[in-house]
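Please examine the sequence and the predicted model shown below. The paragraphs that follow proceed from the overall architecture to selected local features.

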Amino acid sequence: MDIELNDARKVRKPLKAYKEAKQSYLNRIRIAVSMFYFSMGLTFATWASRIPSIKETLGLTEADLGTILFAIPIGQLVMMPFSGKIVIRYGSRNVVTLGILFYILSMTTLGLATQVWQLMLSLFFFGIFSNLTNISVNTQGILIEGLYRRPIMSAFHGAWSLAGFTGALIGLGMVNLKWSPLYHFAAVAVLLYAAIFANFRYLVKTKPAKPKKLEQEKKRSLLPKINPALAWLGVIGFCSMVSEGIMFDWSGVYFEDVIKAPKSLVIVGYASFMSMMASGRFIGDKITQRFGRKRVLAFSGFLISGGMYIAVFFPYIIPAALGFMLVGLGVSTVVPGVYSLAGKTPGIEPSQALTAVSSISFLGFLLGPPVIGYIAHAVGLKMSFAIIGVFGVCIALFVNKIKEE
């Protein structure tokens with residue numbers, strides 16, 4: 001009996017060591033993928049934090065800026081039909097590594113622009129590599145989630161949001177130090193390249209697709225047939241991402257032109273929004289579990305509208321910052337919630353449902369910022385934010401059209 005017991009102990013020790021080593025390796029992979037999400041978020045946030053500076057340097061009006069910002073969605077839309085095929089052909093590990101290197105490089109070139117056409121060209125390539133990196137990094141996220149066998153995608157997107165807040169703080173510091181956008185972008189690029197070099201080897205390797213599989217992918221429709229349930233989820237996501245995109249690109253301009261904040265505090269609006277958006281994504285799952293998905297979505301819609309109107313009716317630094325915090329908290333739970341519901345749609349593969357809903361939703365993020373430039377030129381930036389505030393109420397109303405999971 002003692003011999004059998006001792007033998008069992010000998011077996012348990014190496015088994016425990018194996019499990020610990022495996023978990024440690026998985027955690028290292030997860031950290032690596034999280035760093036790529038973080039790097040992508042910091043790249044976008046770095047550009048967004050210096051939009052007011054670039055706008056002033058080039059002497060742009062709101063309408064001019066709106067036109068120029070169209071270059072990003074155009075680049076993303078041009079790349080959209082090809083990104084998935086490139087990931088399948090060459091593997092997400094290779095594509096995300098190469099894609100983010102060029103994404104960061106295109107950010108740096110934004111600081112070199114001295115003419116409008118140069119800025120638009122740089123933003124076009126910024127959009128192209130943004131889409132390529134987005135598809136490939138989310139493919140890596142799905143692979144890691146499969147290895148963990150439990151949901152962790154929300155945490156990855158939380159890393160992206162945390163990067164947005166970090167980018168806002170760095171931007172605030174750079175403005176106060178009077179660094180030009182070029183030096184600012186270059187300094188961030190060096191840090192990001194170092195992070196990528198330290199982590200890319202831990203990404204999950206995938207085998208390139210065989211020619212036969214590539215032919216099958218070409219025959220598939222880009223978007224599945226959208227049923228009413230998915231359509232409503234897409235509309236809700238669209239309303240949220242319109243608000244989110246506008247806060248990314250126009251919150252700094254709003255603080256500069258409407259709030260009349262000192263240059264050293266222009267970034268406060270963006271930082272307020274991003275801090276609460278990041279926080280909301282890390283606590284959103286627990287809140288949803290307690291109160292239910294529909295209640296959280298409806299409340300989030302009211303937070304978005306309430307925050308917008310606080311900033312509109314009380315155009316001062318502290319109230320506007322609090323209003324933008326409410327907007328950030330509101331949008332933080334909408335898209336994750338919509339994607340979660342879409343993935344559980346009966347009779348439809350989760351990947352197909354998510355493709356349909358995310359395609360509709362992402363249009364809001366792409367089209368909102370440029371369109372608001374034209375609205376602001378016609379009726380003023382303050383009134384344009386009031387118009388966008390209606391989208392939050394729409395979210396709360398449209399929630400009744402969907403079913404609880």
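Of the 405 residues in this protein, 49% are buried. The secondary structure of the predicted model consists of 16 helices and zero strands. When contacts between residues at least 6 apart in sequence are considered, 85% of them join residues at least 24 apart. The accessible surface amounts to about 19,500 Å², and carbon and sulfur atoms account for 67% of that area.

One feature of this surface is a nonpolar patch formed by Leu-77, Met-80, Leu-363, Leu-367 and Val-371, which together expose about 370 Å² of accessible area. Two helices each supply at least two residues of the patch, namely helix 4 (71-90) and helix 14 (350-379). The greatest contribution is that of helix 14, with three residues. Val-371 is located in helix 14. Its classification as partly exposed follows from the relative accessibility of Val-371, which is 37% and therefore falls between the limits of 20% and 50%.

Attention may now turn to the interior. Helix 16, spanning residues 390-398, has Gly-392, Ile-395 and Ala-396 buried. These three residues lie on the same side of helix 16, because the arc that they cover around the axis is only 95 degrees. The partners against which the buried residues of helix 16 pack are helix 10 (228-257), helix 12 (293-313) and helix 15 (381-388).

Cys-394, at 21% relative accessibility, counts as partly exposed.

Tyr-316 occupies the loop between helix 12 and helix 13 (317-343). Is Tyr-316 buried or exposed? With a relative accessible area of 53%, Tyr-316 is exposed, because the threshold for that class is over 50%. The C-alpha atom of Tyr-316 is separated by 5.4 Å from that of Ile-259, although the two residues are 57 residues apart along the chain.

Definitions and conventions. Residues are numbered from 1 along each chain as its sequence is written. This is a predicted model: local features need pLDDT of at least 70, side-chain atom pairs count only at pLDDT 80 or more; totals for chains, interfaces and linings use all residues. Side-chain values use heavy atoms; hydrogens and water are left out. Patches are made of residues with over 30% relative accessible area and no salt bridge: like charges are joined within 9 Å, nonpolar side chains (Val, Leu, Ile, Met, Phe, Trp, Tyr) within 5 Å. Accessible areas come from the Shrake-Rupley method with a 1.4 Å probe; for residues, only the protein chains shown count as cover. A salt bridge is a side-chain nitrogen of Lys or Arg within 4 Å of a carboxyl oxygen of Asp or Glu. Helices (H or I, at least four residues) and strands (E, at least two) are DSSP runs, numbered from the N terminus. Buried means under 20% relative accessible area, exposed over 50%, partly exposed in between (1.4 Å probe, protein chains only). The arc is that of the directions from the helix axis to the C-beta atoms. Contact means heavy atoms within 4.5 Å.
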